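Work through the exercises below with the sequence and the model open. Try each task before reading its solution.

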Amino acid sequence: SLCPDDGTKSDHLFQRMEKGIVDASGRLTSAARKNQGKKNRVLGRKTLSVIWRDMEHLELPSWATRVPRGVGSPGQGNLGADEWRSFCLINRPVSLINLWGYLSADSREYKLLRNFLDCAKAVKLATMRIVTPERMEEYRSAMHSYLTTLLELFPGTTIVPNQHLALGHIPDVLLSKGPGPGYWCYGFERGNYELQQIKTNNRICESACRGTLLAASNLVYTR
């Protein structure tokens, strides 16, 4: 388990010490620090160029949102939630499987591919419109594998609260409350997007933001 209780924390620290990643205090060893910089890059420009090329020739289903050309390059801006879903569940798997799927199982690229596909599988299972105990067990297995290999592939990485939530609580929430599409927060994400479009010159201006949002909603604001 990767849930942060005292026992699993100690076990995980011992495992990372055995592999020479951290010392007894939990700090990165000098060898791990030396390798950290060169191992942090996952998609370089060469790999991205292949993904961009494949995007041009890939026919998406009608429900999928097309990702902007040149995604990942400077000046492309932020992706929306639907664009991230298309990029991570369609575009990247198609290209990376073709690029790295035939490499040696011991190569870093192949391990990165398996790690990413575990994450993609977990996301797919968690966003389905039908939830079953069997699917949630598959989800737990995929998410656990993803987080475990993440720590191995990227020395110095730690499990953050969102990842703990994803492994330890999301399956129970879905089983008790029902499928995620019934109550997830795309409405709030859209509101965040509208806020990001307001020109503030990097300064917080409550009245300007409020007035712009109300105008967009065809409402009248009076002092």
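The model is predicted.

**Exercise 1.** Find which helices the buried residues of α7 pack against.

*Solution.* Start with the buried residues of α7, which are Gln 163, Ala 166, Leu 167 and Gly 168. Buried here means under 20% relative accessible area. Next, look for their partners: these residues pack against α6 and α8 (170-177). For a view from one side chain, take Met 143, which touches Ala 166 and Leu 167, as well as Ala 122, when residues up to four places away in sequence are not counted.

**Exercise 2.** Describe the largest nonpolar core and state which element gives the most to it.

*Solution.* The core has 30 residues. Val 71, Tyr 139 and Met 143 have the most contacts inside it. Two or more residues come from each of α3 (45-57), α4 (81-100), α5 (108-126), α6 (133-153) and α7 (161-168). With 8 residues, α6 gives the most. In soluble globular proteins, nonpolar side chains tend to be buried together.

**Exercise 3.** Describe how α5 and α6 cross, and sort the residues of their contact by type.

*Solution.* Two packed helices are described by the angle and the distance between their axes. The axes of α5 and α6 come within 8 Å and cross at roughly 145 degrees. This crossing of α5 and α6 is left-handed. Now list the contact: residues of α5 including Leu 112, Asp 118 and Ala 122 meet residues of α6, among them Arg 135, Tyr 139 and Met 143. Sorted by type, the contact of α5 with α6 has 12 nonpolar, 3 polar and 6 charged residues.

Methods:
Residues numbered from 1 in each chain as written. Predicted model: local features only at pLDDT ≥ 70, side-chain atom pairs only at ≥ 80, totals over all residues. Heavy atoms only, no water. Core = buried A, V, L, I, M, F, W, Y, C linked by side-chain atoms within 4.5 Å. Buried < 20%, exposed > 50% of the residue type's maximum accessible area, 1.4 Å probe, protein only. Helix = DSSP H or I, 4+ residues; strand = E, 2+ residues; numbered from the N terminus. Contact = heavy atoms within 4.5 Å. Axes fitted to C-alpha atoms, helices over the stretch in contact; angles between N-to-C directions. Left-handed = near helix turned anticlockwise from the far one by under 90°. Nonpolar A, V, L, I, M, F, W, Y, C, P; charged D, E, K, R; others polar.
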